[in-house]
Number of protein chains: 2
Amino acid sequence: MDLNTIKVIAFDADDTLWVNETFFRDAEIAFAKHLLDYGDEEDIVRMLLDTEIRNLDTYGYGIKGFTLSMLETAHRLMGDKMNAETTAFILDKGKQMLAEPVEVLPHIEEVLEELSKKYKLVVATKGDLLDQERKLIKSGLIDYFHHVEIVSDKKETQYKKLVKHLDIEPQEFLMIGNSLKSDVIPVLAMGGYAFHIPFHTTWTHEQVDDEINHSKFRALTNAKELLDIL
Amino acid sequence: MDLNTIKVIAFDADDTLWVNETFFRDAEIAFAKHLLDYGDEEDIVRMLLDTEIRNLDTYGYGIKGFTLSMLETAHRLMGDKMNAETTAFILDKGKQMLAEPVEVLPHIEEVLEELSKKYKLVVATKGDLLDQERKLIKSGLIDYFHHVEIVSDKKETQYKKLVKHLDIEPQEFLMIGNSLKSDVIPVLAMGGYAFHIPFHTTWTHEQVDDEINHSKFRALTNAKELLDIL
(Lines give C-alpha, C1' and ligand atoms only; values in the text may rest on other atoms or scores of the structure.)
Protein backbone atom coordinates (compact mmCIF):
# COMPACT_ATOMS: atom_id res chain seq x y z
CA MET A 1 0.00 0.00 0.00
CA ASP A 2 1.52 3.29 -1.11
CA LEU A 3 0.59 5.79 1.56
CA ASN A 4 2.85 8.57 0.34
CA THR A 5 0.13 10.28 -1.62
CA ILE A 6 -1.93 11.04 1.52
CA LYS A 7 -2.17 14.75 2.36
CA VAL A 8 -5.35 15.11 4.38
CA ILE A 9 -6.56 12.74 7.09
CA ALA A 10 -10.20 13.03 8.10
CA PHE A 11 -11.35 11.56 11.39
CA ASP A 12 -14.89 10.60 12.11
CA ALA A 13 -15.87 12.16 15.44
CA ASP A 14 -18.40 10.15 17.48
CA ASP A 15 -16.99 6.79 18.63
CA THR A 16 -13.73 7.39 16.79
CA LEU A 17 -12.37 10.38 18.74
CA TRP A 18 -14.67 10.11 21.75
CA VAL A 19 -17.39 7.96 23.28
CA ASN A 20 -20.85 8.63 21.89
CA GLU A 21 -22.97 5.54 21.19
CA THR A 22 -22.75 4.55 24.85
CA PHE A 23 -24.77 7.65 25.75
CA PHE A 24 -27.44 6.76 23.21
CA ARG A 25 -27.56 3.13 24.39
CA ASP A 26 -27.86 4.31 28.02
CA ALA A 27 -30.60 6.77 27.07
CA GLU A 28 -32.51 4.06 25.18
CA ILE A 29 -32.45 1.83 28.26
CA ALA A 30 -33.52 4.65 30.60
CA PHE A 31 -36.32 5.48 28.13
CA ALA A 32 -37.49 1.85 28.00
CA LYS A 33 -37.39 1.53 31.78
CA HIS A 34 -39.50 4.67 32.13
CA LEU A 35 -42.13 3.06 29.89
CA LEU A 36 -42.13 -0.51 31.25
CA ASP A 37 -45.91 -0.32 31.83
CA TYR A 38 -46.30 -0.23 28.05
CA GLY A 39 -44.03 -3.07 26.89
CA ASP A 40 -40.85 -4.96 27.69
CA GLU A 41 -37.46 -3.29 27.41
CA GLU A 42 -36.36 -4.99 24.23
CA ASP A 43 -39.59 -4.20 22.34
CA ILE A 44 -39.52 -0.57 23.41
CA VAL A 45 -35.89 -0.14 22.35
CA ARG A 46 -36.70 -1.77 18.99
CA MET A 47 -39.69 0.54 18.52
CA LEU A 48 -37.54 3.58 19.29
CA LEU A 49 -34.90 2.45 16.81
CA ASP A 50 -37.61 1.98 14.21
CA THR A 51 -38.89 5.52 14.84
CA GLU A 52 -35.35 6.92 14.62
CA ILE A 53 -34.72 5.25 11.27
CA ARG A 54 -38.04 6.40 9.83
CA ASN A 55 -37.20 9.94 10.99
CA LEU A 56 -33.62 10.02 9.67
CA ASP A 57 -34.57 11.84 6.47
CA THR A 58 -36.50 14.41 8.45
CA TYR A 59 -34.37 14.90 11.55
CA GLY A 60 -30.91 13.76 10.45
CA TYR A 61 -28.39 12.59 13.05
CA GLY A 62 -27.85 13.92 16.54
CA ILE A 63 -29.31 14.30 19.98
CA LYS A 64 -32.12 16.72 19.09
CA GLY A 65 -33.60 14.37 16.50
CA PHE A 66 -33.14 11.47 18.93
CA THR A 67 -35.05 13.39 21.60
CA LEU A 68 -37.90 14.11 19.19
CA SER A 69 -37.97 10.41 18.20
CA MET A 70 -38.17 9.41 21.90
CA LEU A 71 -41.18 11.72 22.29
CA GLU A 72 -42.85 10.30 19.19
CA THR A 73 -42.21 6.72 20.35
CA ALA A 74 -43.64 7.47 23.80
CA HIS A 75 -46.72 8.88 22.12
CA ARG A 76 -47.06 5.78 19.92
CA LEU A 77 -46.78 3.56 23.01
CA MET A 78 -48.88 5.54 25.47
CA GLY A 79 -51.46 7.12 23.17
CA ASP A 80 -53.76 9.43 25.10
CA LYS A 81 -52.04 8.44 28.33
CA MET A 82 -48.89 10.37 27.33
CA ASN A 83 -48.49 12.84 30.18
CA ALA A 84 -46.47 15.80 31.42
CA GLU A 85 -44.15 13.60 33.45
CA THR A 86 -43.05 11.54 30.45
CA THR A 87 -42.63 14.59 28.22
CA ALA A 88 -40.53 16.34 30.87
CA PHE A 89 -38.51 13.16 31.47
CA ILE A 90 -37.62 12.93 27.76
CA LEU A 91 -36.85 16.64 27.36
CA ASP A 92 -34.54 16.44 30.40
CA LYS A 93 -32.87 13.30 29.07
CA GLY A 94 -32.09 15.12 25.80
CA LYS A 95 -30.60 18.11 27.62
CA GLN A 96 -28.56 15.79 29.87
CA MET A 97 -27.15 14.08 26.79
CA LEU A 98 -26.21 17.44 25.26
CA ALA A 99 -24.42 18.35 28.49
CA GLU A 100 -22.48 15.07 28.87
CA PRO A 101 -18.73 15.43 29.40
CA VAL A 102 -16.59 14.26 26.48
CA GLU A 103 -14.60 11.08 27.05
CA VAL A 104 -11.71 10.93 24.57
CA LEU A 105 -10.91 7.38 23.42
CA PRO A 106 -7.56 5.71 24.30
CA HIS A 107 -4.39 6.83 22.42
CA ILE A 108 -6.28 9.45 20.38
CA GLU A 109 -4.47 12.48 21.79
CA GLU A 110 -0.92 11.15 21.23
CA VAL A 111 -1.85 9.90 17.76
CA LEU A 112 -3.29 13.29 16.74
CA GLU A 113 -0.27 15.09 18.13
CA GLU A 114 2.07 13.01 15.96
CA LEU A 115 -0.05 12.98 12.82
CA SER A 116 -0.74 16.73 12.94
CA LYS A 117 2.99 17.29 12.33
CA LYS A 118 2.88 15.52 8.96
CA TYR A 119 -0.70 15.84 7.69
CA LYS A 120 -3.57 18.26 7.57
CA LEU A 121 -6.17 16.81 9.93
CA VAL A 122 -9.88 17.49 9.68
CA VAL A 123 -12.96 16.15 11.45
CA ALA A 124 -15.63 14.78 9.10
CA THR A 125 -18.94 14.11 10.81
CA LYS A 126 -22.60 13.94 10.03
CA GLY A 127 -23.64 15.14 13.48
CA ASP A 128 -25.01 18.51 14.40
CA LEU A 129 -22.39 21.27 14.00
CA LEU A 130 -23.04 23.04 17.30
CA ASP A 131 -22.96 19.74 19.15
CA GLN A 132 -19.76 18.55 17.43
CA GLU A 133 -17.92 21.86 17.89
CA ARG A 134 -18.84 21.84 21.55
CA LYS A 135 -17.49 18.31 21.93
CA LEU A 136 -14.31 19.23 20.08
CA ILE A 137 -13.70 22.13 22.47
CA LYS A 138 -14.56 20.07 25.57
CA SER A 139 -12.32 17.22 24.37
CA GLY A 140 -9.25 19.46 24.23
CA LEU A 141 -8.51 18.12 20.74
CA ILE A 142 -9.55 21.19 18.73
CA ASP A 143 -6.01 22.51 18.11
CA TYR A 144 -4.95 19.38 16.26
CA PHE A 145 -7.56 19.95 13.56
CA HIS A 146 -7.58 22.38 10.68
CA HIS A 147 -11.37 22.52 10.66
CA VAL A 148 -14.59 20.53 11.02
CA GLU A 149 -16.42 19.30 7.93
CA ILE A 150 -20.09 18.62 8.56
CA VAL A 151 -21.63 16.36 5.92
CA SER A 152 -25.35 15.71 5.64
CA ASP A 153 -24.66 12.05 4.97
CA LYS A 154 -21.61 9.86 4.48
CA LYS A 155 -22.11 8.45 1.02
CA GLU A 156 -19.83 8.56 -2.00
CA THR A 157 -21.43 11.82 -3.26
CA GLN A 158 -20.67 13.66 -0.03
CA TYR A 159 -17.07 12.36 0.08
CA LYS A 160 -16.53 13.50 -3.51
CA LYS A 161 -17.77 16.95 -2.53
CA LEU A 162 -15.56 16.92 0.55
CA VAL A 163 -12.44 16.06 -1.44
CA LYS A 164 -13.25 18.73 -4.02
CA HIS A 165 -13.84 21.17 -1.19
CA LEU A 166 -10.44 20.29 0.33
CA ASP A 167 -8.91 20.88 -3.10
CA ILE A 168 -7.22 17.47 -3.24
CA GLU A 169 -7.51 14.25 -5.24
CA PRO A 170 -9.24 11.15 -3.78
CA GLN A 171 -5.91 9.31 -3.45
CA GLU A 172 -4.64 12.17 -1.26
CA PHE A 173 -7.44 11.55 1.24
CA LEU A 174 -7.53 9.11 4.14
CA MET A 175 -10.66 8.60 6.24
CA ILE A 176 -10.43 7.02 9.68
CA GLY A 177 -13.55 5.91 11.51
CA ASN A 178 -15.48 3.26 13.36
CA SER A 179 -18.18 2.62 10.75
CA LEU A 180 -17.52 0.40 7.74
CA LYS A 181 -20.73 1.62 6.16
CA SER A 182 -20.14 5.36 6.63
CA ASP A 183 -16.39 5.84 6.97
CA VAL A 184 -14.91 3.08 4.83
CA ILE A 185 -17.01 1.72 1.95
CA PRO A 186 -17.99 5.04 0.28
CA VAL A 187 -14.43 6.40 0.63
CA LEU A 188 -12.88 3.33 -1.03
CA ALA A 189 -15.54 3.59 -3.74
CA MET A 190 -14.40 7.09 -4.73
CA GLY A 191 -10.72 6.11 -4.72
CA GLY A 192 -9.62 7.30 -1.28
CA TYR A 193 -7.92 5.46 1.56
CA ALA A 194 -9.96 4.26 4.54
CA PHE A 195 -8.88 2.73 7.85
CA HIS A 196 -11.38 1.12 10.21
CA ILE A 197 -11.05 1.30 14.00
CA PRO A 198 -14.05 -0.45 15.55
CA PHE A 199 -15.83 0.88 18.62
CA HIS A 200 -17.22 -1.70 21.02
CA THR A 201 -20.83 -0.69 20.40
CA THR A 202 -21.91 0.04 16.87
CA TRP A 203 -25.40 1.17 16.09
CA THR A 204 -27.46 -1.63 14.49
CA HIS A 205 -28.27 0.67 11.56
CA GLU A 206 -24.53 1.06 10.83
CA GLN A 207 -23.52 -2.59 10.81
CA VAL A 208 -22.15 -4.09 7.63
CA ASP A 209 -21.11 -7.70 7.77
CA ASP A 210 -19.18 -8.08 4.55
CA GLU A 211 -15.47 -8.65 4.73
CA ILE A 212 -13.51 -5.94 2.99
CA ASN A 213 -10.60 -6.72 0.74
CA HIS A 214 -9.12 -3.62 -0.82
CA SER A 215 -5.63 -2.28 -1.38
CA LYS A 216 -6.48 1.08 0.18
CA PHE A 217 -8.12 -0.41 3.27
CA ARG A 218 -6.69 -1.32 6.66
CA ALA A 219 -8.52 -2.83 9.63
CA LEU A 220 -7.00 -1.68 12.93
CA THR A 221 -7.87 -2.71 16.46
CA ASN A 222 -6.96 0.60 18.11
CA ALA A 223 -5.83 4.12 17.23
CA LYS A 224 -2.23 3.59 18.36
CA GLU A 225 -1.58 1.31 15.38
CA LEU A 226 -1.89 4.38 13.17
CA LEU A 227 1.56 5.51 14.29
CA ASP A 228 3.13 2.30 12.99
CA ILE A 229 1.58 2.79 9.57
CA LEU A 230 1.60 6.53 8.87
CA MET B 1 -15.94 51.68 -2.67
CA ASP B 2 -13.43 49.49 -4.47
CA LEU B 3 -15.21 46.24 -5.16
CA ASN B 4 -12.57 44.83 -7.47
CA THR B 5 -10.91 42.84 -4.73
CA ILE B 6 -14.00 40.66 -4.14
CA LYS B 7 -13.55 37.00 -5.12
CA VAL B 8 -16.06 35.10 -3.03
CA ILE B 9 -19.63 36.14 -2.27
CA ALA B 10 -21.36 34.41 0.61
CA PHE B 11 -25.13 34.53 0.88
CA ASP B 12 -27.01 34.02 4.08
CA ALA B 13 -29.74 31.43 3.45
CA ASP B 14 -32.91 31.89 5.53
CA ASP B 15 -34.75 35.14 4.67
CA THR B 16 -32.04 36.15 2.20
CA LEU B 17 -32.45 33.41 -0.44
CA TRP B 18 -35.86 32.13 0.68
CA VAL B 19 -38.66 32.79 3.13
CA ASN B 20 -38.07 31.34 6.58
CA GLU B 21 -39.01 33.59 9.51
CA THR B 22 -42.59 33.65 8.29
CA PHE B 23 -42.88 29.91 9.05
CA PHE B 24 -41.56 30.44 12.57
CA ARG B 25 -43.91 33.39 13.15
CA ASP B 26 -46.86 31.32 11.87
CA ALA B 27 -45.86 28.39 14.08
CA GLU B 28 -45.58 30.65 17.13
CA ILE B 29 -49.09 31.94 16.55
CA ALA B 30 -50.51 28.44 16.02
CA PHE B 31 -48.74 27.33 19.20
CA ALA B 32 -50.16 30.25 21.20
CA LYS B 33 -53.67 29.65 19.85
CA HIS B 34 -53.44 25.98 20.87
CA LEU B 35 -52.65 27.09 24.42
CA LEU B 36 -55.10 29.98 24.82
CA ASP B 37 -56.53 28.39 27.99
CA TYR B 38 -53.19 29.11 29.65
CA GLY B 39 -52.51 32.73 28.69
CA ASP B 40 -53.07 35.34 26.02
CA GLU B 41 -51.39 35.04 22.64
CA GLU B 42 -48.82 37.77 23.17
CA ASP B 43 -47.67 36.42 26.54
CA ILE B 44 -47.36 32.88 25.22
CA VAL B 45 -45.33 34.01 22.21
CA ARG B 46 -43.06 36.04 24.52
CA MET B 47 -42.62 33.04 26.82
CA LEU B 48 -41.72 30.82 23.85
CA LEU B 49 -39.18 33.37 22.59
CA ASP B 50 -37.70 33.52 26.09
CA THR B 51 -37.37 29.70 26.15
CA GLU B 52 -35.77 29.71 22.69
CA ILE B 53 -33.17 32.27 23.71
CA ARG B 54 -32.31 30.43 26.92
CA ASN B 55 -31.93 27.23 24.88
CA LEU B 56 -29.79 28.71 22.08
CA ASP B 57 -26.50 27.53 23.60
CA THR B 58 -27.92 24.03 24.04
CA TYR B 59 -30.00 23.58 20.90
CA GLY B 60 -28.51 26.07 18.44
CA TYR B 61 -30.62 27.34 15.53
CA GLY B 62 -33.16 25.44 13.50
CA ILE B 63 -36.53 23.77 13.54
CA LYS B 64 -35.63 20.82 15.79
CA GLY B 65 -34.47 23.09 18.61
CA PHE B 66 -37.53 25.29 18.06
CA THR B 67 -39.80 22.21 18.37
CA LEU B 68 -38.09 21.18 21.62
CA SER B 69 -38.50 24.75 22.93
CA MET B 70 -42.22 24.68 22.07
CA LEU B 71 -42.56 21.46 24.09
CA GLU B 72 -40.68 22.95 27.03
CA THR B 73 -42.78 26.11 26.94
CA ALA B 74 -46.02 24.10 26.83
CA HIS B 75 -44.80 22.17 29.86
CA ARG B 76 -43.95 25.41 31.70
CA LEU B 77 -47.44 26.76 30.91
CA MET B 78 -49.52 23.63 31.47
CA GLY B 79 -47.54 21.87 34.18
CA ASP B 80 -49.10 18.51 35.02
CA LYS B 81 -51.91 19.20 32.58
CA MET B 82 -49.56 18.79 29.61
CA ASN B 83 -51.18 15.98 27.65
CA ALA B 84 -50.76 13.68 24.65
CA GLU B 85 -52.76 15.98 22.39
CA THR B 86 -50.47 18.97 22.96
CA THR B 87 -47.30 16.91 22.60
CA ALA B 88 -48.54 15.38 19.35
CA PHE B 89 -49.66 18.81 18.09
CA ILE B 90 -46.18 20.24 18.65
CA LEU B 91 -44.33 17.24 17.17
CA ASP B 92 -46.56 17.47 14.09
CA LYS B 93 -46.00 21.21 13.81
CA GLY B 94 -42.22 20.63 13.80
CA LYS B 95 -42.47 18.00 11.07
CA GLN B 96 -44.76 20.24 9.03
CA MET B 97 -42.20 23.03 9.25
CA LEU B 98 -39.43 20.68 8.10
CA ALA B 99 -41.59 19.69 5.13
CA GLU B 100 -42.57 23.23 4.06
CA PRO B 101 -41.96 24.04 0.39
CA VAL B 102 -39.19 26.54 -0.24
CA GLU B 103 -40.29 29.97 -1.46
CA VAL B 104 -37.38 31.71 -3.19
CA LEU B 105 -37.34 35.48 -2.65
CA PRO B 106 -37.86 37.89 -5.58
CA HIS B 107 -34.99 38.44 -8.07
CA ILE B 108 -32.72 35.92 -6.29
CA GLU B 109 -32.50 33.46 -9.17
CA GLU B 110 -31.56 35.99 -11.87
CA VAL B 111 -29.08 37.68 -9.53
CA LEU B 112 -27.36 34.38 -8.70
CA GLU B 113 -27.24 33.44 -12.36
CA GLU B 114 -25.40 36.65 -13.22
CA LEU B 115 -23.10 36.73 -10.21
CA SER B 116 -22.10 33.07 -10.55
CA LYS B 117 -20.42 33.98 -13.86
CA LYS B 118 -18.00 36.39 -12.15
CA TYR B 119 -17.64 35.19 -8.57
CA LYS B 120 -17.42 32.04 -6.50
CA LEU B 121 -20.70 31.89 -4.61
CA VAL B 122 -21.20 30.08 -1.31
CA VAL B 123 -24.03 29.81 1.19
CA ALA B 124 -23.05 30.73 4.77
CA THR B 125 -25.66 29.79 7.33
CA LYS B 126 -25.94 28.87 10.97
CA GLY B 127 -28.92 26.60 10.43
CA ASP B 128 -28.94 22.83 10.52
CA LEU B 129 -26.97 21.32 7.60
CA LEU B 130 -29.52 18.67 6.63
CA ASP B 131 -32.30 21.24 6.72
CA GLN B 132 -30.34 23.83 4.71
CA GLU B 133 -29.16 21.35 2.07
CA ARG B 134 -32.71 20.13 1.64
CA LYS B 135 -33.91 23.70 1.14
CA LEU B 136 -31.12 24.41 -1.31
CA ILE B 137 -32.12 21.39 -3.39
CA LYS B 138 -35.85 22.18 -3.19
CA SER B 139 -35.19 25.83 -4.11
CA GLY B 140 -33.52 24.88 -7.38
CA LEU B 141 -30.63 27.22 -6.53
CA ILE B 142 -28.03 24.59 -5.66
CA ASP B 143 -26.14 24.74 -8.96
CA TYR B 144 -25.28 28.41 -8.51
CA PHE B 145 -23.28 27.67 -5.36
CA HIS B 146 -19.84 26.16 -4.95
CA HIS B 147 -20.73 24.77 -1.54
CA VAL B 148 -22.55 25.39 1.74
CA GLU B 149 -20.65 26.65 4.78
CA ILE B 150 -22.37 25.86 8.04
CA VAL B 151 -21.14 28.03 10.91
CA SER B 152 -22.05 27.42 14.55
CA ASP B 153 -22.53 31.14 15.05
CA LYS B 154 -22.06 34.29 12.98
CA LYS B 155 -19.53 36.24 14.98
CA GLU B 156 -16.17 37.68 13.93
CA THR B 157 -14.32 34.50 15.01
CA GLN B 158 -16.41 32.28 12.75
CA TYR B 159 -16.06 34.65 9.77
CA LYS B 160 -12.28 34.69 10.23
CA LYS B 161 -12.29 30.89 10.17
CA LEU B 162 -14.55 30.94 7.11
CA VAL B 163 -12.26 33.27 5.16
CA LYS B 164 -9.21 31.19 6.16
CA HIS B 165 -11.08 28.09 5.10
CA LEU B 166 -11.91 29.68 1.73
CA ASP B 167 -8.21 30.49 1.37
CA ILE B 168 -8.84 34.21 0.74
CA GLU B 169 -8.20 37.55 2.48
CA PRO B 170 -11.01 39.39 4.29
CA GLN B 171 -11.10 42.12 1.60
CA GLU B 172 -11.80 39.41 -1.01
CA PHE B 173 -14.96 38.39 0.84
CA LEU B 174 -18.46 39.85 0.52
CA MET B 175 -21.31 38.73 2.75
CA ILE B 176 -24.92 39.37 1.75
CA GLY B 177 -27.73 38.88 4.23
CA ASN B 178 -30.80 40.17 5.99
CA SER B 179 -29.34 40.47 9.49
CA LEU B 180 -27.20 43.45 10.47
CA LYS B 181 -26.18 41.66 13.63
CA SER B 182 -25.17 38.34 12.03
CA ASP B 183 -24.36 39.10 8.39
CA VAL B 184 -22.99 42.63 8.45
CA ILE B 185 -21.38 43.85 11.67
CA PRO B 186 -18.99 40.92 12.32
CA VAL B 187 -17.94 40.82 8.63
CA LEU B 188 -17.10 44.54 8.56
CA ALA B 189 -15.23 44.08 11.86
CA MET B 190 -12.84 41.55 10.29
CA GLY B 191 -12.26 43.68 7.18
CA GLY B 192 -14.69 42.13 4.73
CA TYR B 193 -17.47 43.65 2.64
CA ALA B 194 -21.09 43.32 3.77
CA PHE B 195 -24.35 44.24 2.02
CA HIS B 196 -27.64 44.28 3.87
CA ILE B 197 -30.93 43.30 2.22
CA PRO B 198 -33.70 43.47 4.83
CA PHE B 199 -36.45 40.88 5.08
CA HIS B 200 -39.87 42.14 6.15
CA THR B 201 -39.89 40.15 9.39
CA THR B 202 -36.72 39.98 11.41
CA TRP B 203 -36.52 37.96 14.59
CA THR B 204 -36.54 40.21 17.68
CA HIS B 205 -33.32 38.55 18.86
CA GLU B 206 -31.59 39.65 15.63
CA GLN B 207 -32.56 43.30 15.59
CA VAL B 208 -29.85 45.95 15.82
CA ASP B 209 -30.96 49.53 15.64
CA ASP B 210 -27.66 51.36 15.13
CA GLU B 211 -27.09 53.07 11.83
CA ILE B 212 -24.07 51.74 10.00
CA ASN B 213 -21.58 53.99 8.30
CA HIS B 214 -18.71 52.08 6.77
CA SER B 215 -16.86 52.21 3.46
CA LYS B 216 -17.34 48.47 2.88
CA PHE B 217 -21.07 48.49 3.66
CA ARG B 218 -24.09 48.96 1.42
CA ALA B 219 -27.76 48.97 2.43
CA LEU B 220 -29.97 47.63 -0.36
CA THR B 221 -33.73 47.39 -0.55
CA ASN B 222 -33.85 44.28 -2.74
CA ALA B 223 -31.57 41.70 -4.32
CA LYS B 224 -31.87 43.13 -7.83
CA GLU B 225 -29.80 46.15 -6.85
CA LEU B 226 -26.82 43.82 -6.55
CA LEU B 227 -26.58 43.69 -10.35
CA ASP B 228 -26.12 47.46 -10.52
CA ILE B 229 -23.23 47.33 -8.07
CA LEU B 230 -21.29 44.13 -8.76
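In which loop of chain B is His200(B) found? His200(B) is located in the loop between strand 5 and strand 6 of chain B, where helices (H or I, at least four residues) and strands (E, at least two) are DSSP runs numbered from the N terminus. This is a predicted model, in which local features need pLDDT of at least 70, side-chain atom pairs count only at pLDDT 80 or more, and totals for chains, interfaces and linings use all residues. Residues are numbered from 1 along each chain as its sequence is written, chains are lettered from A and ligands numbered from 1 in the order in which they are written, and side-chain values use heavy atoms, with hydrogens and water left out.

**Chain A overall**

- Chain A contains 9 helices and 6 strands.
- Its radius of gyration is 19 Å, close to the 17 Å that the globule rule gives for 230 residues, so chain A is as compact as a globular protein of that length. The radius is taken over C-alpha atoms, and the rule is 2.2 Å times the number of residues to the power 0.38.
- Along the principal axes, the C-alpha atoms of chain A fill a box of roughly 60 × 35 × 30 Å.
- Of the 230 residues of chain A, 56% count as buried; buried means under 20% relative accessible area, exposed over 50%, and partly exposed in between (1.4 Å probe, protein chains only).
- The accessible surface of chain A comes to about 10100 Å², and 47% of it belongs to carbon and sulfur atoms. Such areas come from the Shrake-Rupley method with a 1.4 Å probe; for residues, only the protein chains shown count as cover.
- Among the contacts in chain A with a separation of 6 or more, 68% are accounted for by residues 24 or more positions apart; a contact means heavy atoms within 4.5 Å.

**Largest pocket**

- The largest pocket holds about 870 Å³ of space. A pocket is an open set of points, on a 1 Å grid over the protein atoms alone, where a 1.4 Å probe fits, with protein on both sides within 12 Å along at least five of seven lines; lining residues have an atom within 4 Å of a point. Grid points are joined across faces, edges and corners, and the volume is the space filled by probe spheres set on the points.
- Of the 35 residues that line the largest pocket, Val148(A), Glu149(A), His165(A), Glu149(B) and His165(B) are the closest to its centre.
- Helix 6 (129-139), strand 3 (147-150) and helix 7 (156-165) of chain A, together with helix 6 (129-139), strand 3 (147-150) and helix 7 (156-165) of chain B, each supply at least two lining residues of the largest pocket.
- The lining of the largest pocket comprises 16 nonpolar, 10 polar and 9 charged residues. Here Ala, Val, Leu, Ile, Met, Phe, Trp, Tyr, Cys and Pro count as nonpolar, Asp, Glu, Lys and Arg as charged, and the others, Gly among them, as polar.

**Second largest pocket**

- About 500 Å³ of space lies in the second largest pocket.
- Its lining has 22 residues, of which Leu130(A), Asp57(B), Ser152(B), Asp153(B) and Lys155(B) are the closest to the centre.
- Two or more lining residues come from each of helix 6 of chain A and helix 2 (41-59), helix 7 and helix 8 (180-189) of chain B.
- Helix 6 of chain A gives the most to this lining, with 4 residues.
- By class, the second largest pocket is lined by 6 nonpolar, 6 polar and 10 charged residues.

**Helix 8 and strand 5**

- In chain A, 7 of the 10 residues of helix 8 (residues 180-189) are buried, and these pack against helix 7, strand 4 (173-177), strand 5 (193-196) and strand 6 (217-219) of chain A.
- Helix 8 of chain B is largely enclosed by the rest of the structure, because 7 of its 10 residues are buried.
- Just after helix 8 of chain A, Gly191(A) takes a positive phi of about 100 degrees.
- Ala194(A) lies in strand 5 of chain A and is buried, at 0% relative accessibility. Residues that Ala194(A) touches include Asp183(A), Val184(A), Val187(A) and Leu188(A).

**Loop residues**

- His200(B) is exposed, with a relative accessible area of 67%, and its C-alpha is 25 Å from that of Arg54(B), which is 146 residues away in sequence.
- Asp15(A), although not a glycine, has a positive phi of about 70 degrees; at 4% relative accessibility, Asp15(A) counts as buried.
- Asp167(B) has a phi near 65 degrees and, at 71% relative accessibility, counts as exposed.

How values were computed. Lists of a residue's contacts leave out its neighbours within four places in sequence.
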